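Hi there,

Here is the structure I promised to pass on to you. Have a look at it first, and then read my notes below.

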Amino acid sequence: TKPLRHEVAYVEAPSPNKEKPVLIDVDNFIYLRPDGADLMIGTLDPDCVPQDIVDPDDYNTSLTEQWTNQAWRAGLRFESLGIPNTARGTVALYDVSDDWIPIYDKTDLEGYFLAIGTSGNQFKNAPMIGDLMATIILGVQGGHDHDKNPLTLDLKTVGKTISLGHYSRLREVKDTSNVMA
C-alpha cells in the first residue's frame, strides 16, 4: 500500500435550508455531500491529475490548487455555488493498494494479521470486515493454509459466498487506474 495525499474542499451550501445533494459527478471528476451548513467536495482522481504519493511522516498539509480545482468543478455542476476567496478544507492521506482493493489477510509474521489499503472508504463495511477478519484469523490459527487454499465467507443475509483470496496480499493486482474503474 501507499499513502495518497488528498484534499477535500468545503464551501458554503447554496441553499442552507433546503435538502443538500449527495452526488458523484463523473463528468467533472468530483463527489460532494452535505457536511453541516457546507458542501464537502472531493476528487474522483481524473487521469489529468497525477497521484500525490507522499512520505506519511512529512507531507504538505496545506490546501493547494487541488482545492481550487475541486471547488471550480463543483461550480460547473451548481451555478449558484459560491467559490470563497479563502480556502477551507481538509488534507489527509488515503491508504491505497495498487488496484484499490483492500488487503485483508495474514502476514508472513506468524500471528500478525492486517486490514489495510482501504482508501478511506471501508468504515461503512466495518461489521462485515470484522466477520471477514475473524474468519481469516480463526481459520489460520486453527491450522488452515489460507495462502494455498483461501478461506471463504458466507454472506448469510444475501445468500452468497465470497472467496477471501480476493483480498489476499498475494493476489494478482488488477489493472485499474482509480477507485471508479
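**The hairpins and their sheet**

In the hairpin of β2 and β3, 4 residues lie between the strands, and Phe-29 there takes a positive phi near 60°. Before going further, please keep in mind that this is a predicted model: local features need pLDDT of at least 70, side-chain atom pairs count only at pLDDT 80 or more, and totals for chains, interfaces and linings use all residues. Residues are numbered from 1 along each chain as its sequence is written, and side-chain values use heavy atoms, with hydrogens and water left out.

A word on terms: helices (H or I, at least four residues) and strands (E, at least two) are DSSP runs, numbered from the N terminus. Two strands pair if DSSP finds at least two bridges between them.

Strands β2 (residues 23–25) and β3 (residues 30–35) pair antiparallel, over 3 bridges. Leu-23 has Leu-32 of β3 as its bridge partner, and Ile-24 stands opposite Tyr-31 in β3.

In which order do the strands of the open sheet come? The order is β2-β3-β4-β1-β5, 5 strands with antiparallel pairing. β2 and β5 are the edge strands, each pairing on one side only. On average, neighbouring strands of this sheet are turned by 25° against each other, direction ignored. (Axes are lines fitted to C-alpha atoms, for helices over the stretch in contact, and angles run from 0 to 180 degrees between N-to-C directions.)

**The helix on the sheet**

Helix α1 packs on this sheet and touches β1, β2, β3, β4 and β5, its direction making about 50° with that of β1. Contact means heavy atoms within 4.5 Å. α1 (residues 65–77) has 13 residues, which at 1.5 Å a residue should span 18 Å; its end C-alpha atoms are 19 Å apart, which agrees. The expected span is 1.5 Å times one less than the number of residues.

Which residues of α1 are buried? They are Gln-66, Trp-67, Gln-70, Ala-71, Arg-73, Ala-74 and Gly-75. Buried means under 20% relative accessible area, exposed over 50%, and partly exposed in between (1.4 Å probe, protein chains only). The cover over these residues includes β1 (2–12), β3, β4 and β5 (88–96).

**The nonpolar cores**

A nonpolar core is a set of buried Ala, Val, Leu, Ile, Met, Phe, Trp, Tyr and Cys residues joined through side-chain atoms within 4.5 Å. The largest one has 13 residues, of which Tyr-104, Leu-132, Met-133, Ile-136 and Leu-164 touch the most other members. Two or more residues of this core come from each of α2 (126–141) and β8 (152–155). α2 gives the most, with 5 residues. Leaving out residues up to four places away in sequence, Leu-132 touches Tyr-104, Leu-153, Leu-164 and Tyr-167. Apart from this core lies another, of 11 residues, among them Ala-9, Ala-13, Trp-67 and Ala-71.

**The whole chain**

The protein chain has 2 helices and 9 strands, following the pattern β-β-β-β-α-β-β-β-α-β-β along the sequence. Of its 181 residues, 36% count as buried. Its C-alpha trace spans about 60 × 40 × 25 Å along the principal axes.

Enjoy exploring!
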